Amino acid sequence: MRRRLILLTVACLGGRVAMGADPQPYTVKFDATGNKALDTAIKGSSQLDSLRSTAPVGPFALIGRAQSDVRRMETALESYGFYQHKVSITISGLPIDDPGLSPLLLAAPSSPAAPVQVHIETGPLFHLRHVTLEGDVGDKAREAFGLKEGASAAAADVLAAGSRLQDAMQEEGHAYAKVDEPIAYMDAHDPLLDVTYKATPGPIYHLGDIRIRGLKRMHASFVQRLLTIHRGDLYVASKVERARNTLLSLGVFSGVSVHLPKQEEIHDSELPIVFRVSERKRHGVSLQAAYSTDLGASGGATWTDRNAFGNAETLAVTGSIINAGGNATQTVGYQAGVSLTQPDFLRTDQSLQYNLGLLKQDLDAYDQDALTAGVAINRTLSSRWKVSIGLTAEQEKIEQETVPNHYTLVALPITLKFDSTGLSNPLDDPLHGMRLSAAVTPTQSFSRSFNGIGFDPTGNKVVPIPEGGSATFVILQGTLTGYLDFERFGWSRPGQSVLAGRALAARAYGATQFSLPPDQRLYGGGSATVRGYAYQSIGPQFVGSQFPNPNEPEGGVELAAVSIELRQRFTASIGGAFFVDAGAVTAKSGLFEGQFHEDPGQAQYETGIGAGTGLRYYTPIGPVRIDVAMPLKHTNVSGSVQLYVGLGQAF
């Protein structure tokens, strides 16, 4: 004998509970099922566990919370294919339906906490015996359907197969394709299910008129040109969605939706569609602030015009005060810039960006006043790959060890980026995937000394140098970051425990250490390389009494650094981090070939290892980060405990 069964969608049932008595402290323990992923799903569905510390309840509400949890856990079991399950919960040793439980909890003292035990009997794992697909479905759609007889009858898989089938039919032009909720029949004797799907493809449509509704300042001709779909094209759901995302990615619209007419309103094979858009406020102001003991406090603002000339051009003006009170800085500096980004430059996946900037900073390593200008073409190769090529010019005055010089730099930066984290906002918390950035920057440097003095190639003394010295060099830089969520192994809830790693390397070719302008040399130390050491303090230092500031950073030609960080959430908004960083900088090439042995006395090679811990406060705009780090190995410029405060993860 068989009975009819409707498969249920996995959902967490929400509800409010009234607190009619003092909060009842309790602990929760779960029976293990032997399936780590299932254990995680059961625990993740439980409000007894998730709300235990954040939403205390009285005895009656605690019993109600447990009763609601039973159905949540049953749904989790069914989602994994266990339909003859049994879930029971006891509080202080009594079943939750025991009439004596409420009086017991009301009379119980607040300590010790009441023990809550969740008992799970999974029963047998069900499998699919017969899978029936009714309807005129094409071969490609059947292949996408993908549900095979003999597979486990997990409700999540059964429901996903229906969604895949409907999506596949819509990819073939069936705009109104429909797949009814699957009907399952459970065998009365064996753990087997027979599942039937009814599919209704409907007619095939081609695109008709494509209209944009809701435009105000945006030029309609520009928006129409951006669309990657055209009248007469076969209706393909993913292409329509891609066109919607293209409009949304401009940053001008707060919302973009697609509207199709009712099927009975269509009298031929052409399907008109309407994109309804809502333009964001044209102007916006954002504030930035950060603090670290090495670079001090910084703060600034950015004013943005999201649609400067009606074609989604982005104009941004930024001004910041930097380096206020840092132990690796001398005086307060500033940074200002203007950028204009033109989207859809020559093609829809390409933009043109102009930049102009001013920078003044007074660091232990050098003092710098710079004016920069540049233009770059940025292209999106895919959802994960991006590339850019630019041309930059920089006019700067740099003083190092009281030796002032003028530099004029012309560079051709080329950058390739890969990102599989699935995040569009760099402040969001990455939980999985990886990021790669690789840059090649050929540079021509022209230098002019104020007093005809400078450093010889060894950097050991100040000597006359000719006017108009120049250097041609290439700087290679690469950074790889990766993120591993322990939920993948069933060890924690999604996003609760994440292991993050970073590796970076850089090398200058074509010029010796002191042929490079000081700001183009490589330095270690600080939040971007090795925490626990002051900014730029790792690397060769000036050694000798002839230098006004001995033991200050020289800068090198090679850099390597690695970081590993464990990020742990304790509650929905509070978390912590534990990390170790290490890095090395050399004055001559050879670091990556293993040809150097550390010899601080010769000022050629310096390493640093730092470790620390941090606090994370998670907000809708990203985690607020507070890190404290200390050096595990002292350098010539001795490290000390460093504090870092900012928005977003360290990497």
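Predicted model: local features only at pLDDT ≥ 70, side-chain atom pairs only at ≥ 80, totals over all residues.
A pair of aromatic rings is described by the distance of the centres and the angle of the planes. Across the whole structure, a search finds eight aromatic pairs. One of them joins Tyr176 and Tyr205, whose ring centres are 5.7 Å apart. Because the planes of these two rings stand at 80 degrees, and an angle over 60 counts as edge-to-face, the pair belongs to that class. Tyr176 and Tyr205 are 29 residues apart, and their pair links distant parts of the chain. Tyr176 lies in the loop between helix H6 (155-171) and strand S7 (178-179), while Tyr205 lies in the loop between strand S9 (192-200) and strand S10 (206-213). Tyr205 has a relative accessibility of 4% and therefore counts as buried, since the limit for that term is under 20%.

A further pair is formed by Phe489 and Trp491, with 4.8 Å from centre to centre. The angle between their planes is 35 degrees, and the pair is tilted. Phe489, at 35% relative accessibility, counts as partly exposed, whereas Trp491, at 55%, counts as exposed. Both residues belong to one aromatic cluster, which also includes Phe486.

The charged end of Arg531 is placed over the ring of Phe579, at 3.7 Å from the ring's centre. In another such arrangement, Arg569 lies over the face of Tyr618, and the distance to the ring centre is 3.6 Å.

Definitions and conventions: Residues numbered from 1 in each chain as written. Heavy atoms only, no water. Phe/Tyr/Trp six-rings, centres within 6.5 Å; stacked < 30°, edge-to-face > 60°. Helix = DSSP H or I, 4+ residues; strand = E, 2+ residues; numbered from the N terminus. Buried < 20%, exposed > 50% of the residue type's maximum accessible area, 1.4 Å probe, protein only. Lys NZ or Arg CZ within 6 Å of the ring centre and 35° of its normal.
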